[in-house]
Every structure is written in structure tokens, then in C-alpha cells.
Amino acid sequence: MKRILILGAGTAGTMMANKLRKALDKEEWEITIVDQFKTHYYQPGFLFIPFGIYNREDVVKPKADFFPAGVRVIYSEIGRIEAEANKVHLAGGKVLHYDYLIIATGTKTFPEETPGLYGKLWYKEIFDFYTVEGAIALQKFFKGWEGGKLVMAITELPYKCPVAPIEFVFLADAFFTEKGIRDKVDITYVTPMPGAFTKPTASKMLSELLLEKNIKVVPDFYIERVDNEKKTIVSYDDVEIPFDALAVVPVNMGDKMIERSGLGDDMNFVPTNKETLQSIQHENIFILGDASNIPTSKAGSVAHFASEILFENLMNAIEGRPVLAKFDGHANCYIETGFGKGALIDFNYETEPLPGTFPLPGIGPFGLLKNTKINHYGKVMFRWIYWHILLKGKELPVESQMTMAGKKTIN
Amino acid sequence: MAEKVIAGKSIEVTDEGYLVNMEDWSREIAAELASEAGIELTGKHLEVLEYLREKQSAGETLTIRKVGKSGIVDIKGLYKLFPGGPLKISSKLAGIPKPTSCV
């Protein structure tokens, strides 16, 4: 019996378990998936919780609902990977051997990495919305808040779902407008990047929208610490920004297990061949999703597109062919802009987000880099697609490789 | 792309003044680019620049955090050496491409 071991049963690991179980003979291949938690979170939904649009029950389901029959599931913490010996030590001492390993342990937030962030104001006036607990604490806070300075700050790059903090300020603008207190809420968006977004065309579109909604942007701000007494965030070059409520994207790093295994970079992300999705160090290890260091967004859409390439290359390796499938870094992100509208961006390693239509050239129905109602419905419908199609590894009517068809180039 | 005369040599640079070929770099070029940016180059500056060039050649992604862990200088010190945008400015002076944040 040959063995494939998948570490992590989030979006990436679950998709792979489904794809591989369908393709590989049960008599020949044992597939095992390991995760310490039993709950699957629909993470794109976290963003809506602070504004009371979603609640906890809208974003959780048991992980067990999404594993196919014939996959061995182990709920356990992972001790470390011993890559030279092709084995994984679980926290309880159990050892799992593998022929091929897929690392899909994702990225986590580490508020304790920023001095003063995880202090006495945490979940009182400082919140994250990358955990269900943080999002719910913020929902409670916003219900009783009468206004003041709301600061949305990104501490470090890279971080999961790069558009989420922009969506957060757009939704906050709509939320406080509808509540009738927008004039009492001062919204500031603070980022270590040189603009609202890195890629120029999207950055321009989003900057205009931020301006239109009276949201201030402070670029090139790299947070050193949070001053809990003065209620300010302080940059390394000693600029201070005061807040009454701080929403924050804490430092993102890979799982500590990666560090224990000696397989990570300085942020515990696994050095990965950005085209084949193999580990740089070990060719029988593949990395899917946020756990890798590939230079594209840490997002579910990327994990989805990459899963098709990883699947192809793993099958190539299993059947003795060269790993010829190449990932192009394709990402596709809906951006909620508030008041029932949304924008959409589609890009890869080489091509920045451009205006146009998606997925059908000239038809859409979605408009790229346009602020429309239909884009918002796309995001709303996506939750159903996520639970019913995406996690189960079924085909979506979208190509894994990005296409220029339907896009307008800008000079 | 453009040609620019730096330290007496004609060098190919990007529109934003970053060297196109990192092999064109020399300490004299770094010193001249530094004075354009209002920085007087010290040994500490050069240590950072050499570190950046070494990591760039090794194909590693450069971040402020990484330089802060290099043992040469902490992040606060890096801001003091290259005020404003430490990674952008130090990359330019090191003759390596403008850092891109992958988001």
C-alpha cells in the first residue's frame, strides 16, 4: 500500500483529499488527512460578522461533512515532519509514514508578535476579524459604539486575503451610514504598502473609491507597537496614529510545526517552487494554500486554482512523468464595497488586475475592477459554491490558468 | 528604462532610478545614490547593502522584518539609516530591484 499524507484539513487540504480519493485506486493508495480541529470555518464570511450580516452559525460546519469515504481522518496536533525519513510525528507520539506529503497547514495570526497589541485593550477596543472570536467580539462592540476614530491597520506582509481590510472599511462606512452616525465615525486605513493595494491599476480604482467614501489612507506605515495608555499605534519611525477602536490584521506566520520541522523561512512559510508547487528541499513534498511562500495572494481562490495544478503534478509524479504542470499564480477576489455593491479582481504572478468582464469575455456577468451590484451577488452566492462544490473538489466553470480574454490592457 | 551617469559610469536604470543590472553596482555608485537621497554612507549602511545583495542573489524575498533579524541592525535602526522607506531606499542603494509586496 502506498501512502499520501495531507497535513491540514482547511480549504486546501480538504479539496485535495476529495480530488485524490476520486482519482486513486483504494486498493493501491491510502490517503490520510490530519487536523487538530473538528470545525471547518468559512473564512470569507468572517468579514461580515462585525456588521451583523453573518453570525457564527453562518460560517461553521463539521469538517467531517466534507471528507470523502475512504480517506483516513486523524484529529491530532502535529508534532513535526521528519522529511529525510518520509514520516510525520503526531503530538501524541504516533508516527505516520508517507510516499507523498501535502502540507496545507495554512497561515495563522500572531497578535503577540506586535508589542502592546495583545494587551489590556485586546477584544475591548482592539479587534481582529481573522478569527471567529475576534469578529464576534467586534460585532458586540460595534452594537453599542457611538462613534470616534476607527482605525483599520495592517501590521505585516504577507497576510491572508489581501482585500479583506479594504472591504472592512467599505462595509464600516455603509454600516455607520445606515446607523445614522457616519458623521461621528472617522475611518482611517493604515498599511505598510505604498498605497491601498500593491498593483497600480487596482490601487488607483480602490483609492478613488476610498476617497469617495471619505476614508483616509495612511500608506508606508510600519507598526512597531501599540500604546495602550495613549491609545495610539506607533510606527518604527515614531509616527503615532490615535484610535478609539482599532481593527487589525495581526502578523501572519505559518504553523509553528513548520518551524519545528526546519522546513520554513523566517515567517514559517515553506519555500515552494512557484510553478510546480513542490517543496524546494524535498521533491515528494507538495505545498498547497497559505502555507507556501509562493509570491501571490494568500487566498482560497489561489488554493483552488493551485489545487488543480498540484493534482496534475502529483499524478505526474505518481505515474513516473515529469512534473510539467505550471501554476501561474492565478487569484480571483471579490471586493465588497458596501451598500450592496462589489468589485472583482482577477490576476496572476505576471498580470496585475485589469478592467474587463469575467468569466465570459465581453459578457461577464461580473465586471472586473467595476463597482456593481452583480459582483456583490457573486460574493453572496459564493458561500453556497464553497460548501457544495469547491470543498468537495468538483469542477467550477472557471479555468485554473488566468486568461487575458475579457481583460483590457492599460498603458 | 534610461541611462544615467553615476560615479562617472553610464548605468542602465528604471524610471524610478533602480539599477537594471545588479552587477553594475559598486560602492562608489552606492555612495552617489546615497547622497542623492540625502544619506551619508557609513560602514553600517554598507553592511546592510551587502546583506541585501547577498539575499537577492540567493533568490530570497526581502522584507524589513528579515533585515531586522539579520543581526546587522534592528528595524528601528534600519529606519534611522534609511529614513522614510527603509527597504525601498536601501534596495535602490544596493543596486537591486524595487521590492514588491506580493499581495
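Helices, of at least four residues, and strands, of at least two, are DSSP runs numbered from the N terminus. In the predicted model described here, Leu277(A) lies in the loop between H6 and E20 of chain A. Its backbone has a positive phi of about 70°, although Leu277(A) is not a glycine. The relative accessible area of Leu277(A) is 1%, and the residue is therefore buried, the limit for that class being under 20%.

Asn268(A) is likewise placed in the loop between helix H6 (256-260) and E20 of chain A. Phi of Asn268(A) is near 65°, again a positive value in a residue other than glycine. With a relative accessible area of 5%, Asn268(A) counts as buried.

When neighbours within four places in sequence are set aside, the contacts of Ser292(A) are Phe269(A), Val270(A), Thr272(A), Ile287(A) and Lys298(A).

Two cis peptide bonds in chain A may be described next. One runs from Leu157(A) to Pro158(A), with omega near -10°. Pro158(A) is found in the loop between strand E12 (148-154) and helix H4 (164-178) of chain A. The other joins Gly364(A) and Pro365(A), where omega is about 15°. Pro365(A) belongs to a strand, namely E24 (residues 364-368) of chain A.

In chain A, the axes of helix H1 (residues 11-23) and helix H7 (residues 300-318) come within 10 Å and cross at roughly 40°. The crossing of H1(A) and H7(A) is right-handed. On the side of H1(A), the contact is formed by Ala12(A), Met15(A), Met16(A), Lys19(A), Leu20(A) and Ala23(A). H7(A) contributes Ala303(A), His304(A), Ser307(A), Glu308(A), Leu310(A), Phe311(A), Leu314(A) and Met315(A). By class, the residues of this contact comprise 10 nonpolar, two polar and two charged.

In chain B, helix H2 (residues 43-57) packs against helix H5 (residues 86-94) at an angle of about 80°, and their axes are 9 Å apart. Angles of 65 to 115 degrees count as roughly perpendicular, and H2(B) and H5(B) are therefore roughly perpendicular to each other. Leu49(B), Leu52(B) and Arg53(B) of H2(B) meet Leu87(B), Ser90(B), Ser91(B), Leu93(B) and Ala94(B) of H5(B). The residues of the contact of H2(B) with H5(B) divide into five nonpolar, two polar and one charged.

The largest nonpolar core has 97 residues. Within this core, the residues with the most contacts are Ile4(A), Ile102(A), Phe142(A), Leu150(A) and Phe168(A). Leaving aside neighbours within four places in sequence, Ile102(A) is in contact with Ile4(A), Leu5(A), Ile6(A), Leu7(A), Met16(A), Leu20(A), Phe286(A), Leu288(A), Leu310(A) and Leu314(A). Among these partners, Met16(A) and Leu20(A) of H1(A), together with Leu310(A) and Leu314(A) of H7(A), also take part in the contact between the two helices.

Key
Residues are numbered from 1 along each chain as its sequence is written. Chains are lettered from A and ligands numbered from 1 in the order in which they are written. This is a predicted model: local features need pLDDT of at least 70, side-chain atom pairs count only at pLDDT 80 or more; totals for chains, interfaces and linings use all residues. Side-chain values use heavy atoms; hydrogens and water are left out. Axes are lines fitted to C-alpha atoms, for helices over the stretch in contact, and angles run from 0 to 180 degrees between N-to-C directions. A crossing is left-handed if the near helix is turned anticlockwise from the far one by less than a right angle, and right-handed if clockwise. Contact means heavy atoms within 4.5 Å. Ala, Val, Leu, Ile, Met, Phe, Trp, Tyr, Cys and Pro count as nonpolar, Asp, Glu, Lys and Arg as charged, and the others, Gly among them, as polar. Angles under 35 degrees count as roughly parallel, over 145 as roughly antiparallel, 65 to 115 as roughly perpendicular and the rest as oblique. A nonpolar core is a set of buried Ala, Val, Leu, Ile, Met, Phe, Trp, Tyr and Cys residues joined through side-chain atoms within 4.5 Å. Buried means under 20% relative accessible area, exposed over 50%, partly exposed in between (1.4 Å probe, protein chains only).
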